[in-house]
Each structure stands twice: as structure tokens, then as C-alpha cells.
Amino acid sequence: MARNPSTYRSGLWLDWCPGCGNFGIITAVYKAFAELDLDPSKTVVVGGIGCSGKTPHFINVNGVHSLHGRAIPFATGIKLANPELTVVVNGGDGDILGIGMGHFIALGRRNVDITVIMHDNGVYGLTKGQAAPTLKRGIKTKALSKPNIQDAINPIAIALSAGYTFVARGYSLNIDHLKELIKQAISHKGASFIDVLQPCVVYNNIYTREFYSERIYVLDEEGGWDPEVKSDSVDEMMQKIDQAWRRSLEWGDKIPIGIFYKNSSYSTFEERLSVEIPTYLEKPPAKQVIATAEGRPIFTTDAFREFFSKYIIQTKNSRG
Ligand code: SF4
């Protein structure tokens, strides 16, 4: 039986500004975790720096409040150390697509089984509203002295290019729809990305609740939308990526949310590692003995030795 969403509330006061879209996002996370019946002891939420970076404090599972832009590498290390864990990143658009962009790309190309939930409000809220990478050119929010002269990053297009195998967009105030996206992203085997549009009620007076409520619509199968690659055909994959990329450009009177792209036929990084290191999934680093009974560190674990003999020595030999 599914757990109650309140199981996942840490009890700490959510100190975001009243009306912030983060409340909708965390409510969707609580609900999704409950419906997936995630074991709190086997679930990890990793935050970066920013308003959204506080999310791990508010969820009653394992959590890391990491460094600016570094939530993804923290999460990658956790997942690879123990692939049994469900690992979720919560970070802002500035955190993930600004200073953390290199890590965002690396996660997609590796296809590690992690879910990234990006709180996308177009501004750096925690540091008084500077333009974040998703703020469009020409927009002047109230904290900017002049309209933004930089072009915005398209998060969906970047995720598709990087190799994410589940790419979606949600809206923080459409909680049940976002909950379903989070459930699907976590259940997907591979790197998942959800771009969550959210109002920042203090610093972004352009992308407001009213702005979004007039424009947002849901991509759905009944409307003829099919984001999923159903074969291992490269042509089908390219057609689905192309369709997702084109739809992601729609930003005006109408803004789509939903799943843009899904491909379950790609191997994950963990699967590829287990081919190279046959004991990896059964004895990942987190399950290996790292110290003697006396507490002395053991540096050469089985997998480490195997890895070294396979790669380092072979590479050395091949270089002569
Ligand atoms: Fe939310 Fe903006 Fe306040 Fe940060 S500054 S908590 S994003 S409303």
C-alpha cells in the first residue's frame, strides 16, 4: 500500500516566500514519493545552492545540500556507489544550467539512472533576482535595471542534445500533473530531466501565475502527441528528438507541458559499468569493506583491483 505523503515531510519550516512555486513542486514530490512507496532509507535527494537548494532539508529521506552547481556530480557519485538507491536532484535553473551546465551535460551523455527536477523561475531568487540562464532576451524583471541582453537557454533542447532519455516539462501549480511526471521520471531507467516552470513571486514579475495560467497546455496522447521511442531504430529516435525539439520552441500564447521525449532502449551507465566490472551491481563500492576491524582503511577492494587491472594496466601497456 502506498505511504501517506506526510511521511516524507521532514517537519522543518518551509521558509520560502509565501506564494513561491517551490511549494507546489515539493508537494508534487511528496505525493510522487508516496505513490511510488519509496523507502526513505533508500532514497536520496540532492540540492544545490539557491532557494530550491534547500529542498533536501524539507524531505524526510536521505539528503545532501551540496555546493553551487554540484548537485549532479554529488548525485552521480551516490548513485554509482550504490545503484540500489533512488536518487533525485532538486536544483534551480541558475544552479543547473549556469555554473552546473557541464555536469548537466555529463549526466545526459552517461545516462545514469537519476532524476533531475529543475526549478525554473528565470531568476537567481536567493541572491536578489539577477537574470538566470532561462530568462529570455528583452525581458526586464523588476530586479534588473535594463532588459536582459542575453538569449535564454532552452533546457529541453539542451537535455535532448546531451542524451537524457526522459525529458519533460511541468508547471509548479499543476501539482497532480507534475506528480505524474515525477513518478514517470523516477520509474524511467536512465537520466531523467523535468524542467518545472515556477513563479518567483518576489523577483520575477513577468513569468507570474497569471502569465502561465493563460498559456500552459498539456501535451497528451489524445491530442496525437506520442513522445516515446518504441524501437531501436535510429530513424525513429531522430524523428522523436526532432519533434520534441520543435515543440520545445513553442513559447508565446501557448506553452506546452508534459513528456517531450522518452527512450527506454538505451543502456544506463550502471549497466555499462557492470559489463566492464561483472561484480559491480552485486558488490558496488557502498557494499564493500573499506576498513579492517581495527579501522585501518583498505585501499585495494576487489572491484577497484579489477578496474585497475582492466583499464589502467591495459592503457599503460597499449601506450607502450
Ligand atoms: Fe521563491 Fe523567489 Fe522567494 Fe526564492 S525568492 S523563495 S524563488 S519567491
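1. Two strands pair if DSSP finds at least two bridges between them. Strands are DSSP runs (E, at least two residues), numbered from the N terminus. By that rule β1 (residues 43-47) and β3 (residues 86-92) pair. They run parallel and are joined by 5 bridges.

2. A word on the basis. This is a predicted model, where local features need pLDDT of at least 70, side-chain atom pairs count only at pLDDT 80 or more, and totals for chains, interfaces and linings use all residues. Residues are numbered from 1 along each chain as its sequence is written, and side-chain values use heavy atoms, with hydrogens and water left out.

3. β1 has another partner to look at. Strand β2 (residues 62-65) pairs with β1 over 4 bridges, also in the parallel sense. Follow valine 45: its bridge partner in β2 is glycine 63, and in β3 it stands opposite valine 88.

4. Is β1 covered or open? Mostly covered.

5. Now the ligand. Its surroundings include Trp16, Cys17, Cys20, Cys51, Asn121 and Tyr203 (a residue is near if one of its heavy atoms lies within 4 Å). The shell divides into 8 nonpolar and 2 polar residues, with no charged ones. Nonpolar covers Ala, Val, Leu, Ile, Met, Phe, Trp, Tyr, Cys and Pro; charged covers Asp, Glu, Lys and Arg; the others, Gly among them, count as polar.

6. Last, the domains, with bounds from an automatic or database domain assignment. Domain 1 spans 5-271 and domain 2 spans 289-320. Their C-alpha centres lie 37 Å apart.

How values were computed. Buried means under 20% relative accessible area, exposed over 50%, partly exposed in between (1.4 Å probe, protein chains only).
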